[in-house]
Amino acid sequence: MPKFVDHEARREEIVEAVWRLVAREGFSAVTMRDLAAELGFSNGSLARYFPTKAAILRASLERANAATNRRAAAAIGDRGGLEAFRLLCIEIMPLDREKLDEARVVVAFWNYAVGDDDLITVFDAAMREWRLRLGDYLSQAARDHEIEVGHDLDLVVDTAMAMLMGLQINALFSAASTTPERQLRMLDGLIAELRRPLRAASPTSP
């Protein structure tokens, strides 16, 4: 009788091995041969679960995004407004070992995905979801008068996303100046600005 293999469980096992290799040795270690060796598989056996390296990396990125979203859902619960905005940002920020490992996978993905429209689409879909959620939380904060009237919320979301993506890189390559404490100061500084009244524009000289 043929041995039953749980296909999805085996795919998850492969993705976990990718994460271990990237965290331990960097993305250059993720060759099909080395990944098979990490798993104790024979060469060529990975193709039954992932046809290409790109497919493996795509699954690894999707797992990173899903992990972030699960943590955010648990942390936010039924909260909204600025509190939910802050909590979502915190779950994206590389503040601990787990999130740093996710950042390694994400940064590796950026390098590999350049020029690959399919992989870029995967990344863009995740960014669109986060942008939408951040924008919704800010809109709620504005309705509840947590934010001073007049702030350009689209610009705030742009700024927040640029900060979050930049921290993914800086925490890996400039760790001394991207400590968790400094990351949180940046986030809380952004939120503090939203609570301050906008300055009136200076009148122009005749």
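How many residues does helix H1 have, and how many Å does helix H1 reach from its first C-alpha to its last?

Author: Please keep in mind that the model is predicted. Helix H1 covers residues 7–25, which makes 19 residues, and from the first C-alpha to the last it reaches 27 Å. That reach is close to the 27 Å expected at 1.5 Å a residue. Just after H1 comes Gly26, whose phi is positive, at about 90 degrees.

Let us turn to the side chains of this helix. In H1 the buried residues are Ile14, Val15, Ala17, Val18, Trp19, Leu21 and Val22. Their cover includes helix H2 (32–39), H3 and helix H5 (97–113).

One of these covering elements, helix H3, spans residues 53–76 and contains Thr68. Thr68 counts as buried because its relative accessibility is 4%, and the cut-off for burial is under 20%. Beyond its neighbours within four places in sequence, Thr68 is in contact with Glu91, Ile92, Glu102 and Trp130.

Helix H5, which is part of the cover of H1, also packs against the buried residues of helix H7, as do helix H4 (81–92), helix H6 (117–143) and helix H8 (180–195). Those buried residues of H7 are Leu153, Val156, Val157, Ala160, Met161, Met163, Leu164, Met165, Leu167, Gln168 and Ala171.

The whole chain can now be described. The protein chain has eight helices and zero strands, and its C-alpha trace spans about 85 × 35 × 30 Å along the principal axes. Of its 206 residues, 41% count as buried. Among contacts between residues at least 6 apart in sequence, 70% join residues at least 24 apart.

Finally, there is the surface. The chain exposes about 11700 Å², of which carbon and sulfur atoms supply 53%. Its side chains include 26 positive and 31 negative ones, and the centres of these two sets lie 4 Å apart.

Note on methods: Residues are numbered from 1 along each chain as its sequence is written. This is a predicted model: local features need pLDDT of at least 70, side-chain atom pairs count only at pLDDT 80 or more; totals for chains, interfaces and linings use all residues. Side-chain values use heavy atoms; hydrogens and water are left out. Helices (H or I, at least four residues) and strands (E, at least two) are DSSP runs, numbered from the N terminus. Buried means under 20% relative accessible area, exposed over 50%, partly exposed in between (1.4 Å probe, protein chains only). Contact means heavy atoms within 4.5 Å. Accessible areas come from the Shrake-Rupley method with a 1.4 Å probe; for residues, only the protein chains shown count as cover. Lys and Arg count as positive and Asp and Glu as negative; His and the chain ends are not counted. The place of a charge is taken as NZ of Lys, CZ of Arg, CG of Asp or CD of Glu. The expected span of a helix is 1.5 Å times one less than its number of residues.
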